[in-house]
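Let's take a friendly walk through a protein model, one stop at a time. Keep the picture in view and find each residue as we come to it.

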Amino acid sequence: MARCSSCIKSKRTTGAASYLKAKLSASVPKEVRHARLAICRACTATDPTGVRLFRERKGRMYCGTPRLKKILRDETKEGCGCDLEDKADKVGAQCPLYLWKRAELI
Ligand code: SF4
């Protein structure tokens, strides 16, 4: 089910439970992973300071400030902090803004 930005619940969390659930899940098909990463590269969502959530750092792609640099966060505003290449590979992972829904239709 697609969600609009006004229905996405906003709360501060460590994201540990959802991170572990995703990490332990199976891999998605290669095409879904590529489609998810294409959505991230084109993502124009920004954090409250106006900085784009999608960012590249030391050759890796992240959604917001990398998780270990900011533990407690509101993922709907600041991004999840995940390494996107790892996250995009997991069935149990989801974009905090539900922008990956298009990729699930492949
Ligand atoms: S996970 Fe979602 S919010 Fe984060 S960069 Fe990718 S598309 Fe944007």
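Leaving out neighbours within four places in sequence, arginine 57 is in contact with Tyr62 and Pro66. You will find arginine 57 in strand β2. Keep in mind as you look that this is a predicted model. Is arginine 57 buried or exposed? To decide, count the other C-beta atoms within 10 Å: a residue with 12 or fewer is called exposed. Arginine 57 has 11 of them, so this residue is exposed. For a sense of distance, look across to tyrosine 19, which is 38 residues away along the chain; its C-alpha atom and that of arginine 57 are separated by 20 Å.

Now follow the strand that holds arginine 57. Strand β2 covers residues 54-57 and is joined to β3 by four bridges, with the two strands running antiparallel. Which residue of β3 stands opposite arginine 57? That place belongs to arginine 60. Phenylalanine 54, for its part, has cysteine 63 in β3 as its bridge partner.

Between these two strands the chain has to turn. β2 and β3 form a hairpin, with two residues between them. The phi angle of lysine 58 is near 50 degrees, a positive value in a residue other than glycine. With 6 C-beta neighbours inside 10 Å, lysine 58 falls in the exposed class, because 12 or fewer is the limit for that class.

Leucine 72 has 9 C-beta neighbours inside 10 Å, so it counts as exposed. Setting aside residues up to four places away in sequence, leucine 72 touches Arg12 and Thr14. Glycine 15 can be compared with it too: 57 residues separate glycine 15 from leucine 72 in sequence, while their C-alpha atoms are 7.9 Å apart in space.

Next, turn to the inside of the protein. Which residues make up the largest nonpolar core? There are eight: Cys40, Leu53, Tyr62, Cys63, Cys80, Cys82, Leu84 and Ala88. Take leucine 53 from this group and look around it. Apart from neighbours within four places in sequence, leucine 53 is in contact with Cys43, Ala45, Thr46, Asp47, Cys63, Gly64 and Gly79.

Leucine 53 also leads us to the ligand. The residues surrounding the ligand are Ile39, Cys40, Cys43, Ala45, Leu53, Phe54, Cys63, Gly79, Cys95, Pro96, Leu97 and Leu99. What kinds of residue form this shell? Eleven are nonpolar, one is polar and none is charged.

Is tryptophan 100 buried or exposed? It has 21 other C-beta atoms within 10 Å, so tryptophan 100 is buried. Once neighbours within four places in sequence are left aside, its contacts are Arg36, Ile39, Gln94 and Cys95. Arginine 73 is 27 residues from tryptophan 100 in sequence, and the two C-alpha atoms are 20 Å apart in space.

Finally, step back and take in the protein as a whole. Its secondary structure comes to four helices and four strands, and from the N terminus on these elements run β-α-α-β-β-β-α-α. The radius of gyration is 13 Å, close to the 13 Å that the globule rule gives for 106 residues, so the protein is as compact as a globular protein of that length. Along its principal axes, the C-alpha trace spans about 35 × 30 × 25 Å. How much of the protein counts as buried? Of the 106 residues, 23% do. As for contacts between residues at least 6 apart in sequence, 56% of them join residues at least 24 apart.

How values were computed: Residues numbered from 1 in each chain as written. Predicted model: local features only at pLDDT ≥ 70, side-chain atom pairs only at ≥ 80, totals over all residues. Buried ≥ 20, exposed ≤ 12 C-beta atoms within 10 Å, placed from the backbone. Contact = placed C-beta atoms within 7 Å. Near = placed C-beta within 6 Å. Nonpolar A, V, L, I, M, F, W, Y, C, P; charged D, E, K, R; others polar. Pairing = 2+ DSSP bridges. Core = buried A, V, L, I, M, F, W, Y, C linked by C-beta atoms within 7 Å. Rg over C-alpha atoms; globule rule 2.2 N^0.38 Å.
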